[in-house]
Amino acid sequence: RMAEAAAAAEIAAQEAVARAELEATEALQQAMASRDVQMLQAALDHFGQMLRGGSEQARLDLAAVEDYLRELKRHEEEFLAELEASTSALHQLTLQPATIFESDERIQALQAAAARAIAAGAPAAQIEAAQARVDTLHRQLTQLLQDQAVAHQALATSLAAARAHGYSQVGALQSAIERARQIRLDSAEVAEAEVLVRSLTEVERARQAEMQAASTALHRAHSEAHSVAAATAASGKPLRSFVCVDPLRQALERARKAGVDAAACEAAALQLSELETAQAAHDREVNSLCDGLRAAIASGDEHMMRSALDTTSLELVPAEVVAEVHGRIEALKCERERNEAATCLDAAVQSSEGVQGHAEIEAAARLEAGLRRARECGVEGLLLRKAEKRMAELADAAEAAKREAEALAWEEQQKAARREAAERRRREEEEKEARKAERRAKKAEEAEEKKKDSVPEGGDFLSRAAQQPQKSHDAAWVSHSTDDGRTYYYNSVTRETTWEV
């Protein structure tokens, strides 16, 4: 009865502890549902000691509540940090000064910071201060846009005038560009206007430089032409050198295009007219000489062409005409050499027909020399193809003879190699059989010695001693056979090998 009473008391105590743990767990759950950090901390302080000494499930529940409390604290700290950061950033943006050109970016930054501060629960007064700052920036931005519109219109007007009237409007366009830069007008017209200013300036600079260069070139060309004409007039000979005419003509055209002084252009034009008249007379004389040379070329007579070259003042004739005559003479010479080469090639082809042996090699050499000369002279046609075909036949025949000689030489080498291999095998077999015979003779000798040792004592010792060497020498010859069946003899005493005993 005492044991039953003790067990009942223990069960009652356990039930009481379980009820207490259940009540503590429910209280902690209610505190967790409230999401109040202080309430949950108070509940943990009140029931924590009891649950730590309770059941395993109680300790697990306590650990879960403690984890939840730490998570609530972390969220609360993050919320407070975000509130502090957002309000601080908004306050700095509100107080930080900004230029009129930074108004748009500052408005966007303030709006983003205000939205972040509102989400974090910032005070309304701070939000209102930020909104007032945004309104001020809006007014500045509106004034800037109006100024930019006026500057854009002025720039467009100046740009159109510069396109129409050129360099004379560059000053007004530069002023409009400077105003646009001051208010930071960002448009394609600004870049286009800057490009146009640079282009017009470069064009004007290039025009001035070209006028100066054209004037200098005209003066130099006019001076050179005047010097040539004066020197020719002083010599009393006709003018033959006209290298100064084209430079003077080109310099005059360039000067007129560049707007050089009209008086300088007129003086140069007069000098050019005198030179062109002299050049026309010279050209007529040269054409007459060229016609004579071309008539000689048309005749096709080499002697006539050489005579024309000898009787003509070649210094007056253009180099290409003289070269044409020399080329025609060289062509006739080449044609003559080509005919000779074709005749020699035909003879070489005819002489190579039906030859054999050494004569075939000589014929191939002559034909090869004839082909080389024919190619150098430009021989073409059926004869060249016939010679090349015959040369190929001779080359094939020579190649076939060479292969046949190489095949015969190879066959002889193979035969010699086989004979050498057979001789080497024979010597190896003989040495092998000799070693075998030596081993057998040695065994026979050892058997004979054992036999002599087994003879009983007594008898005629001298007669036995006299007979023993002869018997031992005769018994030492042992017959053997080679692999091919031949019999030979080996003496184990004298170590001799012989075919007959």
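Val478 has Tyr490 of strand 2 as its bridge partner. Strand 1 and strand 2 (residues 487-491) run antiparallel and are joined by five bridges. This is a predicted model, in which local features need pLDDT of at least 70, side-chain atom pairs count only at pLDDT 80 or more, and totals for chains, interfaces and linings use all residues. Residues are numbered from 1 along each chain as its sequence is written, and side-chain values use heavy atoms, leaving out hydrogens and water.

**Sheet**

- Three strands make an open, antiparallel sheet in the order 1-2-3. Strands are DSSP runs of E with at least two residues, helices are runs of H or I with at least four, and both are numbered from the N terminus. Two strands pair if DSSP finds at least two bridges between them.
- Strand 1 (477-481) and strand 3 (496-498) are the edges, each pairing on one side only.
- On average, neighbouring strands are turned by 25° against each other, direction ignored.

**Helix 7 against helix 9**

- Helix 7 (residues 188-235) packs on helix 9 (residues 262-299) at about 35°, with the axes 10 Å apart. Axes are lines fitted to C-alpha atoms, for helices over the stretch in contact, and angles run from 0 to 180 degrees between N-to-C directions.
- The crossing is left-handed, meaning that the near helix is turned anticlockwise from the far one by less than a right angle.
- Helix 7 contributes Leu218, His222, Ala225, His226 and Ala229 to the contact, and helix 9 contributes Ala264, Cys265, Ala267, Ala268, Gln271 and Leu275. Contact means heavy atoms within 4.5 Å.
- Eight of the contact residues are nonpolar, three are polar and none is charged.

**Single residues**

- His282 lies in helix 9. His282 is buried because its relative accessible area is 12%; buried means under 20%, exposed over 50%, and partly exposed in between (1.4 Å probe, protein chains only).
- Beyond neighbours within four places in sequence, His282 is in contact with Leu239, Arg240, Phe242 and Leu316.
- Ala395 belongs to helix 13 (residues 382-453). Its relative accessibility is 39%, so Ala395 counts as partly exposed.
- Ala395 and Ile361 are 34 residues apart in sequence, and their C-alpha atoms are 9.2 Å apart.

**Cysteines**

- The whole structure has zero disulfides, a disulfide being a pair of cysteine sulfur atoms within 2.5 Å.
- The closest cysteine sulfur to that of Cys244 is in Cys265, 18 Å away, so the two are too far apart for a bond.
- Cys244 is buried at 8% relative accessibility. Cys265 is buried at 6%.

Methods. Ala, Val, Leu, Ile, Met, Phe, Trp, Tyr, Cys and Pro count as nonpolar, Asp, Glu, Lys and Arg as charged, and the others, Gly among them, as polar.
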